[in-house]
Amino acid sequence: MSTAILETVPDTATEPRGAEQRAVNNRITSSRPAEQAATHASGKANPIAHLSPDDIESIGRELDAMRDEILNSRGSDDARYIRQTINLQRWLELSSRGVLLFSGFWPAFLVGTAGLTVSKILENTEIGHNILHGQWDWMRDPKIHSSTWEWDFASPAEQWKKSHNVGHHTYTNVIGMDEDLGYTVLRVDPDQEWELKHVFQPITNFFTALFFEYGIAAYDLDTKAYLEGRKDKKEFRGELRKVITKIRNQMGKDYVLHPLLSGPNFLSTLAANAIANTLRNVWTHSVIFCGHFPEGVETFEVESIEGETRGEWYLRQMLGSANIEGSELMHVMTGNLSHQIEHHLFPDMPSNRYKDIAPKIRELMDRYELRYVTGPLHKQVGSAWGKVFKYSLPNKSAERSQFGQITDTIAEKALRVGVSLFHRTQRRHYQRALTA
């Protein structure tokens, strides 16, 4: 592979790239890995209990060497790949929108909608997501850089990078610290506390898939923290204005400008844009769920990452992620997040390189008897959705059935509401008596 472009790469090119990696390096210790207990504090089996401290250090060194080998070989072929992908996406969007000018003719409607859907998926996954991870910052191209790129997604790039790159990629699957684990609304692990709202999460998740980009925008705003009084009101309102502006501009483009350009085909073009956005949301939602929630993916306790070394962090990324098997086209359409394990190990590595290291990662994990979770798309989607249904109910208990636990919770909440209403009524009567 040509290394001509590497002449302009700074000396720090092989160091972790982006805010997410700085956060990781600031938190990870340089001490020797600890001896592993057979179980965690909760009683859950420790998936790396069979590894010695020497094993963990060896795994860390081997993964560092893999990473350095790839990053040191980046060059013109990689740069050509991302530029060609961007050009393809833009040509596909432009031509699809051109076809949709005649969307009243049903073949044009079908072709234009399909092309626009693929275009939006490419922009969101293989291009936007990966550029915002800093995978192409080494090129020093200001037009393809994590600090300047803005994507066709409801969540502003800066807000997404903060919640995703810094929060999720640092504390992957740590219960109570990684809010991507269920996105604060879903329960996907038995160690997450069950609440009555989780009974409805199969329905919630269905609508989340349809409107995924707006759900992510609300999540990146940390709306939950604001409602609970844990986020500064001024900061929240400033970020909210940016989200509203972003959504207004997107909707103006997709649901006003381009339909108007279609003249008498206004409604059919509007419908095509709505379908493309919805299909993009469902696809992205499925890819994200397949990479994080299928059976076999591990979750971790806060206590388990105290004093975590780089080798232990690597292990958590491998065990807390899952891959999707499929064709080269499928890998590109997922933004190579079908290689989610490799992405979590090296989030700043160019996405087109994940296929090169995937066999090596799998061999390493097999060698150290670590489970490499992978499967075809339909299997992984089914497994993730299975968890959504499974953990919508309380954990099974010898003392009380799941149905009994649900009815107990409903009765408890009803009692609280009744007591609250009673006290409120009593206060009103008392106030009236004082003013009589």
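Reader: Which helices each supply at least two residues of the lining of the largest cavity?

Author: Rolling a probe the size of a water molecule over the atoms shows where empty space is left. On a 1 Å grid over the protein atoms alone, a cavity is a set of points where a 1.4 Å probe fits but cannot get out, and lining residues have an atom within 4 Å of a point. Here H4, H5, H7 and H10 each supply at least two lining residues of the largest cavity, and H7 gives the most, with four. Helices (H or I, at least four residues) are DSSP runs numbered from the N terminus. The model is predicted: local features need pLDDT of at least 70 and side-chain atom pairs pLDDT 80 or more, whereas totals for chains, interfaces and linings use all residues. Residues are numbered from 1 along each chain as its sequence is written, and side-chain values use heavy atoms, with hydrogens and water left out.

Reader: What volume does the largest cavity have, and which residues are closest to its centre?

Author: A volume is the space filled by probe spheres set on grid points, which are joined across faces, edges and corners. A search of the whole structure finds five cavities of 30 Å³ or more, and the largest has a volume of about 210 Å³. Of its 19 lining residues, His-129, Trp-160, Phe-212, Thr-284 and Ile-288 are the closest to the centre. The lining has ten nonpolar, seven polar and two charged residues (nonpolar: Ala, Val, Leu, Ile, Met, Phe, Trp, Tyr, Cys and Pro; charged: Asp, Glu, Lys and Arg; polar: the others, Gly among them).

Reader: How do H4 and H10 cross?

Author: Axes are lines fitted to C-alpha atoms, for helices over the stretch in contact, with angles from 0 to 180 degrees between N-to-C directions. The axes of H4 (residues 106-132) and H10 (residues 266-292) come within 8 Å and cross at roughly 40°. H4 is therefore oblique to H10 (under 35 degrees is roughly parallel, over 145 roughly antiparallel, 65 to 115 roughly perpendicular, and the rest oblique). The residues of this contact (heavy atoms within 4.5 Å) divide into nine nonpolar, eight polar and two charged.

Reader: How does H10 lie against H15, and which residues make the contact?

Author: The axes of H10 and H15 (residues 377-390) come within 9 Å and cross at roughly 80°, so the two helices are roughly perpendicular. Among the contact residues are Trp-283 and Phe-289 of H10 and Leu-377 and Trp-385 of H15. The contact has eight nonpolar, three polar and no charged residues.

Reader: What classes of residue line the largest pocket?

Author: A pocket is an open set of points with protein on both sides within 12 Å along at least five of seven lines. The largest has a volume of about 500 Å³; Lys-162, Ser-163, Gly-167, Asp-220 and Asp-222 are the closest to its centre among 20 lining residues. Twelve of the lining residues are charged, five nonpolar and three polar. H5 provides the largest share, six residues.
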